[in-house]
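Please look over the model shown here before reading on. The report is meant to be read alongside the sequence and the coordinates.

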Amino acid sequence: MEKLLEILNQIRSDIDFGKEKALVDDGVLDSFDIVSIVSELGMEYDIDISIDDMTAENFNSAEAMFEMITRIQEED
Amino acid sequence: MTKKQLLRSVAFLLVVASMLYMLCDLFEYQNTYISENFKTFRNLEKNTVDGVVIGTSGIDRYWNSAKAYDEYGLTMYPLASDGMPSWLIISLLKEAERNQDLKLAVIDMRPFLLTYKGQTTRYDAYSRKVIDALGFFSASRFDAINRTQKVIYSEVEGSSRYDMSFMLSFIKYHSKWEEESFSFDELKDPETEYLGFLMHQKASLAKMKTEKEIYTTDERMDLYPLCEQILYEVLDYVKDKDYEVLFLNTPHYLDKTEAARLNTMCDILDKEGYAYANYEFDTEVYSFTEDFYNDGHTNFYGAEKFTEIFGRYLTENYDFEDRRNDERCAEEWDGVYDKMKETIALWEKKAAKK
Amino acid sequence: MAYTSFGFFAFLAIVVFLYYIVPKRFQWAVLLVASYSFYLFSGIEQVAFIIGTTVVTYLAGRLMQKKRDAYKTELKNLGPDVTKEEKQAMKKAVNSKIKRIQAASVLINLFVLAMVKYLNFGIENLNSIFNLFRFDVEINPLKNIIVPLGISFYTFMSIGYLIDIGRGRYKAETHFGKFALFVSFFPSIVQGPINRYGDLGKQFSEEHKFDYTTVKFGAQLMLWGLFKKLVIADRVAPIIGTVFSADYEQYSGTVYFFGMLAYAVQIYCDFSGGIDIARGAAQMLGIDLPQNFERPYFSQSVAEYWRRWHITLGAWMREYVFYPVMLSKPVTKLSKFFRNRGWKYLAKIVPSSVTPFVVFFLIGIWHGASWQYVAFGLYNAIIVSTSVALAPVFKKMIEFFKINTEAFSWKLFCIVRTFLVLGVSKILVRAPGFTAAIHMVKSIFTDVDLDFIFALDGQIYELGVNSKNMFVALVGVLVLLTVSILQENGMKVRETLAKQNIIFRWAIYLIAIAVILVFGVYGPDYSASSFIYEAY
């Protein structure tokens, strides 16, 4: 989780990822941010985030992203 | 929905409805003495009218009903409007029959001599003058709307079968304010009326500058198909009525087409057995430079002459009681002619000053 | 039947009435009948298209669902003994089946759309290519192609549905009637919003009790939409026709600029007004349709503008074009390629500045089958891509000049800048041809006509809208601007209004109704001259 927050902060330093709960729904992140996050996470965790995972719920908060990462890692 | 909300909604809708009514009233088409004339007719005492004279400006500039009352005791009301289209004659007959036990219906021959093709914007407007003048919920208004719609739909390519704006004139007139020429005076109610006779500060006094050669012919020319069809519809409509019908042509200048069509129309009426009074322009009686403000319409003085002549014709040929003895007529008809003459005197004085 | 016609209001009143008196489980049926009745008003031939799309999409959805369900039961039956590899193989097999069904059905939908909307455009271009190479061939464009009402919208909705089912976002609709309703729902069929099944579909299965406030809010939203459309948009519309006509050359740059402003006002008021009417009508039925506009002219960048203008189209493009392209194998490989060489900046920037071209090309031709719209798409793509690519540079510059990006003046600058940049793209699509567009944009800077600005020569009133109309439109725009600023600052106008005294509230409603009735553009033209009787 620490590592995740660090990655996220590199992408958008102006957002407090620990607090925000509706990053997508409230429009805090735009689609370019999300794509950056996906590619960073793919690299750092060595996972394939597929298009099927691209839902608002998966990216609304750092926790949600963390859960998604764990799930994908388990499935692999 | 609670009871309170229901009450509130109903109350709100009522307020909206009354606002709508006010807006419609404010923006109705009101050039016009026409609406006032029709309103006066509607409000006349039941069965106090001998008959009506239905038609165009060839009627309300000629037939001074107040004078005819004063001199002959006739109550023949002009139900006329500018350029009234032939297809509204039946609607106006229906309007006349509503409250009055007619003895005679006089019908203007002018609308049957016209060609409507390519003139539909104008005739749309002329139809609206009549439609808007009739009682909002009256059957004759619905009848008039229906007939106008039918004609416009069949004559104008691409027109819609149901134009809501005939029913709710606000749809058309709400944009009145857009015109550069618009002034708030247009929203005011029009001046007083004179029992269906047109009193107009300019037209009543104006005279033509030069005389005009009258055109006469023996030739015949077919009526415009729509007009012919409507003529037969009118004849069919009045066939079984228990009032008499008289077609009337008031004296004016006729062009080649109109003159030839008038002959045809007289032939048709002869054949069908209907009476008509065809007043040609009699130079012994009228002069364009004295009695006419243009070649198609008498001024006040010409109307004096025509009313005299046609009034006499009516009393001699029909059996009317003298309405001057009918006290139900007194309120509306007494003194109108005197008032008219006063007004004319006043206008003459004003004109002389200039 | 236009949403601004009396016929539509009467129709809606009847539908609302029936909707709330029938047993709740038949409410969807009322809406389905209403939607098809509405559709039939625009012609009977068109119905075949929408029914075709509905059937194909419905069946494909069911089929994909069946495959997925079968896979799940099989997995369950196999129990815990199955290995990870076996599981993955099974998953792969079923996914490829599903993807095949998905691709086939999406292609069918796209094919129909392309046939009616883009075939003649294609033929025209083919002819010019033949011409270029001096082939003596010419294909005649098809005449009288009927473009079924709302085909772009319902096709996109159907494609979105198919992709979502393919991705396993939700289960396929089993009820054919409700699905047909989703595709044809009458408030949004003409001009959107582009609904997503996940949001709209389930609402048709819910019971909707009559709720006074909801219905009232719906009616108010419709009223607001009518105001925007009839009082503002339709009133300024003649200016646009005049300025961007074939005789454009007679005007100065300032007139073009004014025309651009008028077009910006007109297109926003017309489109968002129409959407307000649609959403208001749906709200009266207890159905929520998504927002399609969020005061786009307050955007501080072009990218933001596209998140606030025609939101549902943008969202559609993001979900079904942008993300898939960004996550596609070639793009991720390219990204990896740069990254492996240590070019982090390129790894990040190249995909995000290339993909907008795909998205905006599609957005361009979605709006219309012409090269001008393609150019419009490219223009937007260039701006979005450059601003993404140069973002680090801008960031440095802002730091260097110590610009306070929170200051009002900076925000205002960004808003105006964005508006003007987009103004150019508006001229690009509205001008009568490319040469005209370039001439216009150039003249704006070179051919300034001060007399026009201060209305000294009155030319401003000779562009098809006289001074009275112009005044009404201007007051309308000011009202809209005020309300928009309030909304931008978080005020919920309808909720705030509901808290006011009844007299104030009713006065507002009555004034609004009266203003729309008197100052709205509708009904046959009134020209005083036709009423004048020449016989005077």
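This is a predicted model: local features need pLDDT of at least 70, side-chain atom pairs count only at pLDDT 80 or more; totals for chains, interfaces and linings use all residues.

## Chain A

The secondary structure of chain A comes to 4 helices and 0 strands, so that, read from the N terminus, its elements follow the order α-α-α-α. With a radius of gyration of 11 Å, close to the 11 Å that the globule rule gives for 76 residues, chain A is as compact as a globular protein of that length.

Taken along the principal axes, the box filled by the C-alpha atoms of chain A is roughly 30 × 25 × 20 Å.

## Chain C

In chain C the secondary structure comes to 23 helices and 0 strands. The radius of gyration of chain C is 26 Å, close to the 24 Å that the globule rule gives for 536 residues, and chain C is therefore as compact as a globular protein of that length.

The C-alpha trace of chain C spans about 95 × 65 × 65 Å along its principal axes. Of the 536 residues in chain C, 34% count as buried, while residues 24 or more positions apart account for 76% of the contacts in chain C with a separation of 6 or more.

## Contacts between chains

There are 2 pairs of chains in contact, and of these chains B and C share the most contacts. Chain A and chain B, by contrast, do not touch, their nearest C-alpha atoms being 33 Å apart.

The contact between chains B and C draws on 34 residues from chain B and 22 residues from chain C. On the side of chain C that touches chain B, helix 20 (467-488), helix 22 (502-519) and helix 23 (528-531) of chain C each supply at least two residues, and helix 22 of chain C gives the most, with 6 residues. Sorted by class, this side of chain C holds 17 nonpolar, 4 polar and 1 charged residues.

## Helices 13 and 14 of chain C

Helix 13 (residues 329-340) and helix 14 (residues 344-367) of chain C have axes that come within 7 Å and cross at roughly 160°. Angles over 145 degrees count as roughly antiparallel, and helix 13 of chain C and helix 14 of chain C are therefore roughly antiparallel to each other. The crossing in which helix 13 of chain C passes helix 14 of chain C is right-handed.

From helix 13 of chain C, the residues C:V331, C:L334, C:S335, C:F338 and C:R339 meet C:K344, C:L346, C:A347, C:V350 and C:P351 in helix 14 of chain C. By class, this contact has 7 nonpolar, 1 polar and 2 charged residues.

## Helices 6 and 7 of chain B

In chain B, the axes of helix 6 (residues 120-133) and helix 7 (residues 139-155) come within 10 Å and cross at roughly 175°, and these two helices of chain B are therefore also roughly antiparallel to each other. Helix 6 of chain B contributes B:T120, B:D124, B:S127, B:V130 and B:I131 to the contact, and helix 7 of chain B contributes B:R141, B:A144, B:I145, B:T148, B:I152 and B:E155. The contact of helix 6 with helix 7 of chain B has 5 nonpolar, 3 polar and 3 charged residues by class.

Note on methods: Residues are numbered from 1 along each chain as its sequence is written. Chains are lettered from A and ligands numbered from 1 in the order in which they are written. Two residues are in contact if their C-beta atoms, placed from the backbone, lie within 7 Å. Ala, Val, Leu, Ile, Met, Phe, Trp, Tyr, Cys and Pro count as nonpolar, Asp, Glu, Lys and Arg as charged, and the others, Gly among them, as polar. Axes are lines fitted to C-alpha atoms, for helices over the stretch in contact, and angles run from 0 to 180 degrees between N-to-C directions. Angles under 35 degrees count as roughly parallel, over 145 as roughly antiparallel, 65 to 115 as roughly perpendicular and the rest as oblique. A crossing is left-handed if the near helix is turned anticlockwise from the far one by less than a right angle, and right-handed if clockwise. The radius of gyration is taken over C-alpha atoms; the globule rule is 2.2 Å times the number of residues to the power 0.38. A residue is buried if 20 or more other C-beta atoms lie within 10 Å of its own, exposed if 12 or fewer, and partly exposed in between; C-beta atoms are placed from the backbone.
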